[in-house]
Amino acid sequence: METKQFKAESKKLLDMMIHSIYTHKEIFLRELISNASDAIDKLYFKSLTDDQVGLGKDDFAIWISADREGNRLKISDNGIGMTAEELEAHLGTIAESGSLKFKSENKLEEDNQIIGQFGVGFYSAFMVAKKVTVISKAYGSDKAYQWESEGVDGYTITETNKKSVGTDIILELLPDSEDEDYSGFLDQYKLKSLVKKYSDYIRFPIKMEVTHSRPKEQSEEDKEAGKTPEYEEYLEIETLNSMVPLWKKNKSELKEEDYKHFYTEKFFDYNEPLKYSHVKNEGAANYNALLYIPSKAPYDYYSKEYEKGLQLYSNGVLIMDKCADLLPDYFSFVKGLVDSEDLSLNISREMLQHDRQLKIIAKSIEKTISSELKKMLKNEREKYEEFWKAFGLQMKYGIYSDYGMNKEKLQDLLLFTSSNDNKLVTLDEYVTGMREEQKYIYYATGESIARISQLPQTELVKDNGFEILYLTDNIDEFAVKSIGKYKDKEFKSVSSDDLGLESPEKKEELKAKEEAASGMLDELAKALDGKVTKVVLSQRLKTHPVCLTSEGEISLEMEKVLNSMPTDQKVHAQRILEINPDHEIFGKLNSVKESGDGDKLGKYARLLYDQALLIEGISIENPVEFSNLICELM
Ligand code: ADP
């Protein structure tokens with residue numbers, strides 16, 4: 001008998017299979033089942049027009065059987081089968097493909113990823129088997145053939161006997177080693193779970209004889225004596241797959257519970273989803289999708305451990321558990337799956353990351369998520385606010401990241417706490433509610449709503465009757481700066497140097513006061529020794545004595561955030577100490593200055609500066625000195 005050699009490319013692929021890492025080996029079963037299903041598909045279509053086939057829809061099936069003694073696993077189908085020529089053509093060679101070429105230039109690790117995610121068809125059998133035997137009888141042929149191979153050394157094809165049309169694939173498993181438990185693939189629970197995981201939605205039943213046990217019938221005596229019954233084993237044929245995927249069913253057939261149940265089962269969430277959507281898309285991208293918004297952020301959501309992604313199916317067969325390319329980061333909270341006929345799990349396709357079709361699907365999914373969120377914001381405000389509490393932070397990061405590239409898409413999905421009753425408002429609602437004379441969208445930053453609402457800097461803006469957005473998350477001010485302008489209105493921090501609120505007369509008046517007090521203000525600044533760029537009289541303070549503001553690009557809040565990051569480079573906001581000229585303290589400072597007690601004025605400066613820091617929520621440099629100064633001056 002002649003042993004034939006594999007074609008060069010096949011040899012390379014085989015080699016890759018044999019050296020693949022263990023965790024990916026289990027996908028061989030998915031590959032063989034998919035092949036069996038394709039073969040049945042072909043014969044099934046024939047049967048629709050050809051009575052000779054002699055099989056009805058319900059007769060088609062895939063069988064799995066495990067032979068523990070013989071250490072063999074068999075996958076059988078009653079599909080179209082293969083002639084000797086087809087065995088030779090299909091299993092002796094593999095078409096030269098773009099992705100295979102791509103692989104050969106890359107490292108083993110990447111090879112493994114491809115195997116894990118896509119599978120490489122029939123050859124994957126060699127990841128777990130030392131010998132593979134294929135016995136096949138093609139439809140319309142009266143002869144059967146056997147193809148046999150132990151891997152890279154080649155294969156043989158001989159004539160054999162087989163009664164019915166179809167194919168048996170018999171794997172003689174590799175011996176178990178220290179870290180690889182191949183005989184585990186003969187375990188019925190393992191087989192069941194692999195079918196559920198990868199092949200649950202194959203259209204034809206996948207059957208297996210499963211061993212169960214039950215208590216033996218007991219005699220009346222034994223029953224009365226309370227004896228524990230003996231158990232006996234019995235066999236039962238089970239269909240392991242559920243066949244029709246939920247997402248392929250008609251929406252009208254499905255109830256809300258079906259969708260919710262599916263979610264909690266599939267994505268291991270105790271909580272029901274906040275929202276779901278069943279998408280059936282046709283056109284540039286053909287796919288079905290089930291998309292879910294969880295009601296709570298997973299515990300690791302805002303950590304590096306969290307992996308975004310949707311399950312990806314190619315016509316009902318799982319090809320990837322978390323396909324990250326299907327979701328932009330700012331929608332990384334979405335769970336669900338996509339099933340497309342346009343994607344193949346075949347190796348002859350380009351790698352997924354390079355797949356044009358996948359990109360089109362991802363774009364379309366993003367649009368769907370965005371419009372679902374907008375709908376929820378418009379029609380189900382309470383639900384949206386719940387969503388916002390769980391995932392809003394992520395979308396604000398989305399505004400800021402990628403140089404603000406996605407701000408247009410996201411800005412209308414944002415909510416901020418408003419100074420009006422602390423309720424949540426959109427930017428559109430804010431702008432719509434702006435007074436005619438109002439030039440800016442005002443915001444204030446701080447670590448909590450309670451703290452911000454007491455900030456002295458908010459007084460003037462509030463007195464003018466203007467709404468203020470309260471920003472409490474670290475990212476907020478960065479996000480707002482990325483947006484820059486919303487509907488032609490600029491954002492303005494209540495702490496910025498020019499609020500655009502002061503009347504010209506008031507400005508003149510203040511200028512005069514400042515000139516008169518300039519000697520004193522300079523001396524205060526000098527006493528603060530570089531901590532502030534200047535000390536000025538405030539136009540924004542009403543009742544409070546002092547506050548700290550900043551000029552330039554970096555605000556105090558941004559300084560806090562940036563300096564808390566694990567980098568060596570520290571940034572500094574240019575600080576300005578503002579003093580309220582209408583406050584008693586101003587008169588006091590003037591009289592100290594007149595008395596010529598420079599030492600005392602310096603102490604006042606340090607006290608006022610520390611006070612301003614405390615109001616801002618910034619810790620002071622020297623609390624002991626602060627406390628001593630208070631006592632001394634009391
Ligand atoms: P793919 O299925 O991606 O084309 P495979 O290497 O898995 O690649 O299989 C190669 C070919 O062998 C298939 O396209 C099919 O023609 C044939 N084949 C494999 N398994 C079977 C089977 N169980 N019944 C009939 N033909 C099969």
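How much space lies in the largest cavity?

Modeller: The model under discussion is a predicted one. About 80 Å³ of space lies in its largest cavity. Rolling a probe the size of a water molecule over the atoms shows where empty space is left. By the rule applied here, five cavities of 30 Å³ or more are counted.

Sorted by class, the lining of the largest cavity holds six nonpolar residues, one polar residue and two charged residues.

At least two lining residues come from each of the helices α6 (188–199) and α8 (256–266) and from each of the strands β11 (310–314), β12 (317–323) and β13 (335–340). Helix α8 supplies the largest share of the lining of the second largest pocket, with four residues. By class, the lining of the second largest pocket divides into 16 nonpolar, five polar and 14 charged residues.

Helix α19 (residues 584–595) and helix α20 (residues 598–616) have axes that come within 9 Å and cross at roughly 155 degrees. Angles over 145 degrees count as roughly antiparallel, so α19 is roughly antiparallel to α20. The crossing of these two helices, α19 and α20, is left-handed. On the side of α19, the residues in contact are I585, K588, L589, V592 and K593, and they meet K600, L601, Y604 and L608 in α20. This contact of α19 with α20 comprises six nonpolar residues, no polar residues and three charged residues.

Helix α17 (residues 518–527) meets α19 in another arrangement: their axes come within 10 Å and cross at roughly 90 degrees. Therefore α17 and α19 are roughly perpendicular to each other. In this contact, G519, M520, E523 and L524 of α17 meet F586, L589, N590 and K593 of α19. The residues of the contact of α17 with α19 divide into four nonpolar, two polar and two charged.

The axes of α17 and α20 come within 8 Å and cross at roughly 70 degrees. An angle from 65 to 115 degrees counts as roughly perpendicular, so α17 and α20 are roughly perpendicular to each other. Helix α17 passes α20 in a right-handed crossing. The contact involves M520, E523, L524 and A527 from α17, together with G598, L601, G602 and A605 from α20. Five nonpolar residues, two polar residues and one charged residue make up the contact of α17 with α20.

K487 lies in the loop between β18 (485–486) and β19 (489–493). When residues up to four places away in sequence are not counted, K487 touches D428 and V431. The C-alpha atom of K487 is separated by 41 Å from that of L343, a residue 144 residues apart from K487 along the chain.

How values were computed. Residues numbered from 1 in each chain as written. Predicted model: local features only at pLDDT ≥ 70, side-chain atom pairs only at ≥ 80, totals over all residues. Heavy atoms only, no water. Axes fitted to C-alpha atoms, helices over the stretch in contact; angles between N-to-C directions. Parallel < 35°, antiparallel > 145°, perpendicular 65-115°, else oblique. Left-handed = near helix turned anticlockwise from the far one by under 90°. Contact = heavy atoms within 4.5 Å. Nonpolar A, V, L, I, M, F, W, Y, C, P; charged D, E, K, R; others polar. 1 Å grid on protein atoms, 1.4 Å probe; cavity = no way out; pocket = protein on both sides within 12 Å on 5 of 7 lines; lining within 4 Å. Points joined across faces, edges and corners; volume = space filled by probe spheres on them.
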